[in-house]
Amino acid sequence: MARLAGVAVAAAAAATAVALALPGAAPGAYVRGSAGLGDSYFPHAGNGGYNVAHYGLELRYKPHGRHLGAAARIRARAKRNLKRFDLDFRHLQVSGLRVDGRPARFSRKGQELRIRPRPRLRHGERFRVWIRYRGRPQPLSDPLGAKFGWIPTADGAFVAGEPTGAPTWFPCNDYPTDKATYDFRVTVPSGTTAVANGTLEDRIEHRHWTTFVWSESSPMATYLATVTTGRFRVTQSNVNGIPSYVAVDPAESPAGPGGLPRTPDILALFGSAFGAYPFEATGAIVDHTSAVGYALETQTRPLFPWDPSTGVLAHELAHQWFGDDVTPRRWRQIWLNEGFATWSSWYWDANDGGRTLRQRFVREYATPAGSTGFWNPPPGNPGSAAKLFSTSVYVRGAMTLEALREKIGGAAFFQILRDWVAKYRYGNAGTQSFIHLAEADSGIDLDHFFYVWLFREGKPKPSSW
């Protein structure tokens with residue numbers, strides 16, 4: 001995510017797909033899948049007891065009236081013997097629910113959709129959930145008032161899920177570690193377009209409606225899914241041999257002063273530095289709206305509220321490797337997304353005639369130690385959901401990487417980045433995993449270096465690293 005106009009996004013819930021053992025549960029006993037997985041920033045969200053393999057989403061949206069009618073087909077696998085499991089789901093009304101084709105009892109509490117399948121689910125069993133729902137999706141707001149989730153616009157919706165907005169429009173296991181593949185069938189009024197992740201498989205005209213069929217075949221975290229809709233100018237092409245789909249609001253210019261025409265150059269540079277582009281498609285969505293002040297790295301197709309500069313575009317495209325392909329295990333490790341993407345935008349600028357990486361580092365390091373809002377919180381663990389997207393997570397996180405490059409040399413540094421992407425492709429990894437990899441590739445003990453840069457408050461002193 002790019003921090004635009006000073007807007008930070010931080011809010012509600014998320015959780016891991018790993019089942020939690022319940023105290024006192026006898027071996028083989030049927031248990032309730034946990035309704036929260038204890039993330040230190042978002043303890044009440046996410047669901048235990050199962051993993052999702054695939055989401056099939058059918059949505060029909062009427063911008064006039066802001067009404068969504070939808071159905072979700074979910075394929076999953078039980079990780080425990082389950083008498084109940086939950087899905088994260090907000091606001092919308094459920095009108096039908098089946099598990100493996102049989103009606104299942106369900107109830108609601110907060111964001112939890114509690115489901116009791118009949119018969120119960122056995123450990124290792126694959127099962128399917130079908131849910132029909134409808135209503136007016138409502139966005140969420142972070143502590144600073146920034147909206148996320150399903151955000152209505154005059155001609156459609158701007159759909160941005162980070163960190164926990166996915167349940168505003170589909171029932172899901174909303175945590176970065178439970179990645180799944182996706183199919184989308186999105187029906188919108190004729191003359192408007194629905195843009196989702198992955199590749200466009202079909203476009204079907206009805207009497208007054210158009211259905212857009214999209215497929216994302218690579219594993220994707222829930223917060224990276226989108227079905228942004230509205231009136232767009234669409235350009236389909238190939239970028240460096242990769243199918244590209246770019247949708248730009250007519251209020252913006254696709255070839256004006258913004259950075260979109262530089263996409264091939266940015267992807268080529270990052271591919272040579274980090275390894276091959278990880279997905280089957282690329283592109284961008286530019287949906288003009290004053291209600292949003294940030295960009296988001298929605299998988300395969302970053303989402304912008306205006307035509308982005310090259311720096312912002314480079315940031316979001318870098319996320320395709322750092323955040324979308326390799327995703328943190330916990331939200332407190334978000335520097336692995338934002339610090340990496342910020343450093344990557346510096347790297348792009350240095351290769352495009354701007355400041356060198358060293359010059360950028362020196363300029364940022366000149367910030368006085370008394371500027372606590374710049375240096376704190378430590379990026380390795382910002383301390384709370386409200387601080388998740390602090391300036392230090394981005395800039396000090398990027399400075400950590402540049403300090404590492406200068407300490408161990410460019411050859412070892414880029415080997416670490418390539419190995420990071422290759423080792424954890426389409427999966428999740430945390431800060432300790434990165435430290436261990438950096439030590440293995442460089443042959444240097446880096447524990448104290450990373451402690452100083454990532455976890456100690458205040459401006460790091462040169463003598464301390």
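Is Val 246 buried or exposed, and what is its relative accessible area?

A: Val 246 is buried, with a relative accessible area of 18%; buried means under 20%, exposed over 50% and partly exposed in between, for a 1.4 Å probe and protein chains only. The model is a predicted one, in which local features need pLDDT of at least 70 and side-chain atom pairs count only at pLDDT 80 or more, while totals for chains, interfaces and linings use all residues. Residues are numbered from 1 along each chain as its sequence is written, and side-chain values use heavy atoms, with hydrogens and water left out.

Val 246 belongs to strand E20 (residues 242-248); strands (E, at least two residues) and helices (H or I, at least four) are DSSP runs numbered from the N terminus. Beyond neighbours within four places in sequence, the contacts of Val 246 (heavy atoms within 4.5 Å) are Arg 233, Val 234, Thr 235, Leu 260, Gly 283 and Ala 284. Ile 444 is 198 residues from Val 246 along the chain, and their C-alpha atoms are 44 Å apart.

The wider setting includes a nonpolar core, a set of buried Ala, Val, Leu, Ile, Met, Phe, Trp, Tyr and Cys residues joined through side-chain atoms within 4.5 Å. The largest such core has 139 residues, among which Phe 184 and Trp 343 touch the most other members. H6 contributes the most to this core, giving 9 residues. Once neighbours within four places in sequence are set aside, the contacts of Trp 343 include Phe 274, Leu 357, Ala 398, Phe 413 and Leu 417. In soluble globular proteins, nonpolar side chains tend to be buried together.

Leu 357 leads on to helix H4 (residues 357-365), where Leu 357, Arg 360, Phe 361, Glu 364 and Tyr 365 are buried. Viewed along the axis of H4, these buried residues fall within an arc of 125 degrees, so they line one face of the helix; the arc is taken from the directions from the helix axis to the C-beta atoms. They pack against helices H3 (335-350), H5 (372-375), H6 (391-408) and H9 (447-455). Over the face of Tyr 365 lies Lys 459, at 4.3 Å from the ring centre; such a charge has NZ of Lys or CZ of Arg within 6 Å of the ring centre and within 35 degrees of the ring normal.

Rings of Phe, Tyr and Trp (its six-membered ring) pair if their centres lie within 6.5 Å, with planes under 30 degrees apart counted as stacked, over 60 as edge-to-face and the rest as tilted. Tyr 55 and Phe 170 have ring centres 5.4 Å apart and planes at 80 degrees, so their pair is edge-to-face. Tyr 55 is in strand E3 (residues 50-62) and Phe 170 in the loop between strands E13 (157-160) and E14 (180-189), so the pair ties together parts 115 residues apart in sequence. Tyr 55 counts as buried at 0% relative accessibility, and Phe 170 counts as buried at 0%. Phe 85 and Phe 127 form a tilted pair, 5.2 Å centre to centre with 50 degrees between the planes. This pair links strand E5 (residues 82-88), which holds Phe 85, to strand E10 (residues 126-135), which holds Phe 127, across 42 residues.
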